[in-house]
Amino acid sequence: MKDMDDTLNYSAYSVEELKDALSNVDKNAFPDRAQAILTELTNRKSHEDTITNGRKAKVLFHGNGKEYFSIWIVNLLLTIVTLGIYSAWATVRNNRYFYSNTDIDGHRFGYLAEPIQILIGRIIGVLLFVAYYLASSFSPMAAVVVMLIIFALVPMFVCLSASFRMRMTAYRNIRFNFTKNYSRAYIVFVGYTLLGMLSFGLLYPWLLKKIDEFMLSHATYGDKSFIPKLETGQYYAAAILSFLSALGIGIVGGSAFASIGFGAMGENAEVGSLFIVGSIFMYAFVFVVAGSIYQAMIRNHMYNNTELESVASFSSDVKIGGLILLRMTNLLMLVVSLGFLMPWIKVRTAQFFVDATQLNIEEGAEDVLADQTQSGNAIGEEVAGAFDIDVALG
């Protein structure tokens, strides 16, 4: 009986070998053998379906600094020569490089915007800024009125900006989108912001959570929606830890620099200069540490608690220490190279976040239907950028 069991054990066979064995076996003479082969094939098929319907997919980035440098330096030179006009083309070239080199499950992203769309929106943004500048030159009251009007339009600009960026992004020939909900945007960006100000900043973590929640819950991929399940407590934890780390480093480092520096400055001017430079780097370190703690904690929370309806769930494992090290080395590279290592800085930063990101692709990934709305408007994005009111996630 044991020999028969060993004969009917086909677990070591490949799928092709199983199919070949099934086609050659005499089903009348060896019905048990035929059934064993068929059972093994069925089990393999069931296992493959499970993997297909719930498989893990790493995010990959294929770019490199040397390759991107040639794009970056041409963009920089042409932008300078054209007094900034080429910046619209530069934006498109940069985005297309990073999008097309980002890979999920064997498919790469596409950036679909055309330079003229960016340029028109950028011109309108500049004109609004010029209007504010001219108003401030003639009358402070006129400048206040113009600025109030512009900031009253902030929620609309945010929605238009998000809609344009999302709709110009495609994956597997299906576009992302952002459902513009202006009434909700005014509640979040005006109403909740006023509450944050009235609370003397105590409600700011809650406000930031509401902003992220708004941006995520109105984003779509084809006909599927993103579903965030964010927790206010995580935002307070990130904010408190960031604040305490900044405070601690500031007190300890500031005291040490003060005690050493003030004495040395009176004796040696060169030492005093080094003290000033060292102080600048210390404060930069404070901001890097505090910002990295907050970004790592919130990014991980957002990705780990957001899913794309019936399509995918996400996970992020950004290490705080790794992010601090990345940002500090980026800063040193930028200073030492006088900015010429910027392409490598951008590429290694993209690689860092990509390496920390993973997707679990679900069964409904093959059932996404394309959104038929194909147009996009760059005006909101460029106006928002001109007045520093753009909103970015992650």
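Which residues are buried in α6? I found Pro 115, Ile 118, Leu 119, Gly 121, Gly 125 and Ala 135 there; buried means under 20% relative accessible area, exposed over 50%, and partly exposed in between, with a 1.4 Å probe and protein chains only.

**Ground rules.** I am reading a predicted model, where local features need pLDDT of at least 70, side-chain atom pairs count only at pLDDT 80 or more, and totals for chains, interfaces and linings use all residues. I number residues from 1 along each chain as its sequence is written, and side-chain values use heavy atoms, with hydrogens and water left out.

**Overview.** I noted 15 helices and 10 strands in the protein; these are DSSP runs numbered from the N terminus, helices being H or I with at least four residues and strands E with at least two. Of the 394 residues, 39% count as buried.

**Helix α6.** I looked up residues 115-138 and found 24 residues reaching 35 Å from the first C-alpha to the last, close to the 34 Å expected. That expected span is 1.5 Å times one less than the number of residues.

I then turned to Phe 129, which lies in α6. Why does Phe 129 count as partly exposed? Its relative accessible area is 41%.

**The cores.** My next stop was the largest nonpolar core, with 28 residues. Such a core is a set of buried Ala, Val, Leu, Ile, Met, Phe, Trp, Tyr and Cys residues joined through side-chain atoms within 4.5 Å. Tyr 68, Phe 98, Tyr 221 and Phe 226 have the most contacts inside this core. Its largest share, four residues, comes from α4. A second, separate core has 13 residues, including Phe 189 and Met 215.

**Gly 364.** I found this glycine in the loop between β10 and α15. Gly 364 counts as buried because its relative accessibility is 11%. Ser 310 is 54 residues away in sequence, yet 5.0 Å away in space, C-alpha to C-alpha.
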